[in-house]
Amino acid sequence: MISELEAYSYVLDRCRVSDVVEASIADSVGHVLATPVVAGEDVPPFANSAVDGYAVRSEDVAVAPVRLRVVAEVAAGWSTDRAVGPGEAIRIMTGAPMPEGADASVMVEDTERDGDDVVVNASVRAGSSVRGVGEDVALGTEVFPAGTVVRPAVAGVLASLNARQVHVYRTPRVAVLSTGDELISDGSPLRPGQIRESNKTMLLPLVAETGCEAIDLGVVRDDEAALESVLRDAAASYDAIITSGGVSMGEYDVVKAVLSRIAEMRWMQIAIKPAKPFAFGLLGAGDRNTPVFGLPGNPVSSLVSFELFARPALRKMAGHAQFERTKVLAVADDGLRRRVDGKTHYMRVAGSFGDDGRYHVQSVGAQGSHQLAATSLADAIAIVPDGDGIPAGGSVTTMLLSVA
């Protein structure tokens, strides 16, 4: 057996980051910035009022209440040439440019209008309720470093900066397929020896969660020629390939037979449970080498193997700065028992934050590598080192499945 770190490093070292493309703001959402974004404009570009009220000279309202003459009105999107002089005020709306002479805004709630005058009932200091030039973003500053995910709020900032085009990593396209004469995916009645396909159905959305585009290549029957054709076409068309099943030591399977012949594969036995068997390699197609991830066939093993090895690699390919899931130190409320076997156990748990501010976890129950129903209730995976396990109330490092 090899260590998890050795397998992880082997995979990550052989997966390269995707190409860089130029994209519009709308098309960049969900992608990762390949280059920093530097502000080409101040935001806001002019000093403006943060409230609906009156633009005033702070020295005129140092002692309240005070009566001021209203000499003009300015709304957002407009400006005025009228300056605020001693004893004067200008009615102003949120976002409107501050008029010359004024250095503060008074909220309308702190005033009373009286004909052409306004009575200000609260004193304000210079700068009160005024948004300064560049207060949000100053010209020339680095707003977003490379590696930033363009989420909706980031897109909003890009628009405010007039950054109409940005450089992002191209979304990797990942082919996912299942193999086996025993797999049924059309809803038809099962014959003896047949089972419903589930791994591909599970892996497709997991791939999409990484920021990659998941391509469903369906179920390929146990025919070496057919599988070889599918794999070669996928290597030429897509950025990565994921299969499940046929990766155990000494097991004959069409996946292992074909990949061993056409790709540079490494068939691994890793000191973890579940997901001990795992395969990874590169399938050449023209001038490219396409990563191939061979996951175990048992559904829980397939899930854990994807989380530990395929997911970090795909996130690297998509340009993400963080490859792995977020980990927290959790409290194992009921304990997590296991036997000594020389492996790290990845136990599926359900968790929540308690009143003590700590994350508390409990086993979802059945931990068999074939028992996906129990695992489907897990929102985290506890990493239990070799030994007797974690006692009730003990601490355990936990990988959160709902956080990048």
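What share of the contacts in the protein with a separation of 6 or more comes from residues 24 or more positions apart? In this predicted model, such residues account for 70% of those contacts.

The overall dimensions were examined next. The protein has 404 residues, and its radius of gyration is 30 Å. A compact globule of that length would come near 22 Å. Along the principal axes, the C-alpha atoms fill a box of roughly 90 × 55 × 40 Å. Of the 404 residues, 49% count as buried.

The secondary structure comprises eight helices and 28 strands. Six of the strands form an open sheet. Their order is β7-β4-β6-β5-β9-β8, and the pairing is mixed. The edges are held by β7 (104–107) and β8 (111–114). Each edge strand has a single partner, so one side of each is left without a neighbour in the sheet. On average, neighbouring strands of this sheet are turned by 40° against each other, direction ignored.

Strand β5 spans residues 66–74, and strand β9 spans residues 117–120. The two pair in the antiparallel sense. Four bridges connect β5 and β9. At the residue level, L68 stands opposite V118 in β9.

Cysteine pairing was then considered. A disulfide is a covalent bond between the sulfur atoms of two cysteines. A search of the whole structure finds zero disulfides. C15 is in no disulfide, and the nearest cysteine sulfur, that of C212, is 10 Å away. The cut-off for a disulfide is a sulfur pair within 2.5 Å.

Are C15 and C212 buried or exposed? The limit for the buried class is a relative accessible area under 20%. C15 has a relative accessibility of 2% and therefore counts as buried. C212 is buried as well, with a relative accessible area of 6%.

Definitions and conventions. Residues are numbered from 1 along each chain as its sequence is written. This is a predicted model: local features need pLDDT of at least 70, side-chain atom pairs count only at pLDDT 80 or more; totals for chains, interfaces and linings use all residues. Side-chain values use heavy atoms; hydrogens and water are left out. Buried means under 20% relative accessible area, exposed over 50%, partly exposed in between (1.4 Å probe, protein chains only). Two strands pair if DSSP finds at least two bridges between them. Axes are lines fitted to C-alpha atoms, for helices over the stretch in contact, and angles run from 0 to 180 degrees between N-to-C directions. The radius of gyration is taken over C-alpha atoms; the globule rule is 2.2 Å times the number of residues to the power 0.38. Contact means heavy atoms within 4.5 Å.
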